[in-house]
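Take a walk through this model.

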Amino acid sequence: MEPNNVLTKLLVEVGKVHLQEEQKRLDFKIQGKYFNVFDVLQLSRNEVRLHSAFIAELLNPLGSHGLGDKFLKAFVETIFGYRDQKFSSNNFIKEFDTKSATVETEHYIGSISKKGDEGGRIDILIKDAKNNAIIIENKIDACDQPNQLIRYRDYAEEKLRNYKLLYLTKYGSAASEDSAGKDAQYYIPISYRQDIFGWLNKCISISAMIPTVRETIYQYIINLKEILNIMDEENGNKILNIATDEKYLNATLDIINNKDEIKAQIRRNFMQELDKEARKYGLELDKNGGEFEKIVYLNESYIYFLDKKSKYNKWVFCIGCDKYKHNKSRELFYGISTYNRDDENNITCEHQVYEEKPEHCWPLGYSYIHGSDDLSNWEVNKVKIIDKLTTEFRDTEEHIKEVEAEEKKCIP
């Protein structure tokens, strides 16, 4: 079979399984098997109010689940069972006393210092009576803060007897150098995809005789599957078997070897679609003043949308990706900016439309689109991002008028 025909056949076979998965999800939704109270309450991606809070409640020996330290014990065994010898000279499973443990979310360790080397809030702190502790930094959507893990490590070194610092992300990615330092070895990356799912499945078995607890955990698992776009195990295995079948293996490897370009092309198509959406509101992508191709690869870059019908040509709607801004790497952000990023313009009025505080060329502040690089559930994410930015396109002229008004207050 010709190489192109092999690739076509591979995609056809994978496409069939994908359609089966879509139909199964649709059937399950009709049957109520995908009912998800967290999504109904619009909490599905809320890091603090749902994910940290729910995980902490299960881990708490005094939690309302009524199962004592059974969930916590399963967590310790799941996370450290095969890692302990690699990351520690002692056996943390034996050292940590789950029965005496207390669990706290958003544990305050002081105000963040001006240098950024002290303070903050630990997402989940689990501490036993012997002052051994598990620290969990939870990142389901949010990005790293400067020196964040370094601050937590320094706190643990000073205040705790023995500790493990876990960095929890969707897929077990490493923390940024800005957060953890260069070649950091003091923390353990763990994932929702494997570690938390593995633990939650144990929790289902543990709570088998308590229906309310078991079903709530099951709904949380459904919620995570939606976020991570995880296939049904049967269909996932079908994909795996097809992709690794000897007759398709070279085609599979071709796709893997070109994955970065494939991702870039997906983003390139998306940016072009975004440009079309902006034109509906009288905005035009400035192909000379921005860096369209660089932003496609999510490098440090900016693109500008000019309001051609407006007299306010000093200001533009800007979409950017800047891995040095609070180290929120691989995230898109947006706001009203000075044209061509005039960093000498230090208008930083208190007036603020966007989430982040105004600075330099962002007189109204700026906001991030968290998860903008997550291609695991791209069609859903794309709709959400376009909906959000369409609202911003529509309001651009009004925001620029506000900038003009604020500028008059700031300049003598």
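How many cavities of 30 Å³ or more does the count come to? The count comes to one. Keep in mind that this is a predicted model.

Rolling a probe the size of a water molecule over the atoms shows where empty space is left. Here the largest cavity has a volume of about 50 Å³. Its lining is made by Arg-267, Phe-270, Met-271, Leu-298, Leu-332, Ser-372, Asp-373, Trp-378 and Ile-385. Two or more of these residues come from each of helix 13 (259-279) and helix 15 (378-410). Helix 13 gives the largest share of the lining, three residues. By class, the lining holds six nonpolar residues, one polar residue and two charged residues.

Now turn to the helix packing. Helix 4 (residues 70-80) packs against helix 9 (residues 192-206) at an angle of about 145°. The axes of helix 4 and helix 9 lie 9 Å apart. The crossing of helix 4 and helix 9 is right-handed. On the helix 4 side, the contact uses Lys-70, Phe-71, Ala-74, Phe-75, Thr-78 and Ile-79. Helix 9 answers with Asp-195, Ile-196, Gly-198, Trp-199, Lys-202, Cys-203 and Ile-206. Eight residues of this helix 4 and helix 9 contact are nonpolar, two are polar and three are charged.

A second pair is helix 3 (residues 47-59) with helix 10 (residues 211-228). The axes of helix 3 and helix 10 cross at roughly 145° and come within 12 Å. Which hand does the crossing of helix 3 and helix 10 have, left or right? The crossing is left-handed. Helix 3 brings Leu-50, His-51, Phe-54, Ile-55 and Leu-58 to the contact. Helix 10 brings Thr-216, Ile-217, Tyr-220, Asn-223, Leu-224 and Ile-227. The contact of helix 3 with helix 10 counts eight nonpolar residues and three polar ones, with no charged residues.

Finish with the charged pairs. A search of the whole structure finds 17 salt bridges. One of them joins Glu-234 and Lys-24. The closest N and O atoms of Glu-234 and Lys-24 are 4.0 Å apart. This pair links distant parts of the chain, as Glu-234 sits in helix 11 (residues 233-243) and Lys-24 in helix 1 (residues 3-30). Glu-234 and Lys-24 are 210 residues apart.

Terms used
Residues numbered from 1 in each chain as written. Predicted model: local features only at pLDDT ≥ 70, side-chain atom pairs only at ≥ 80, totals over all residues. Heavy atoms only, no water. Axes fitted to C-alpha atoms, helices over the stretch in contact; angles between N-to-C directions. Helix = DSSP H or I, 4+ residues; strand = E, 2+ residues; numbered from the N terminus. Left-handed = near helix turned anticlockwise from the far one by under 90°. Contact = heavy atoms within 4.5 Å. Nonpolar A, V, L, I, M, F, W, Y, C, P; charged D, E, K, R; others polar. 1 Å grid on protein atoms, 1.4 Å probe; cavity = no way out; pocket = protein on both sides within 12 Å on 5 of 7 lines; lining within 4 Å. Points joined across faces, edges and corners; volume = space filled by probe spheres on them. Salt bridge = Lys/Arg side-chain N within 4 Å of Asp/Glu carboxyl O.
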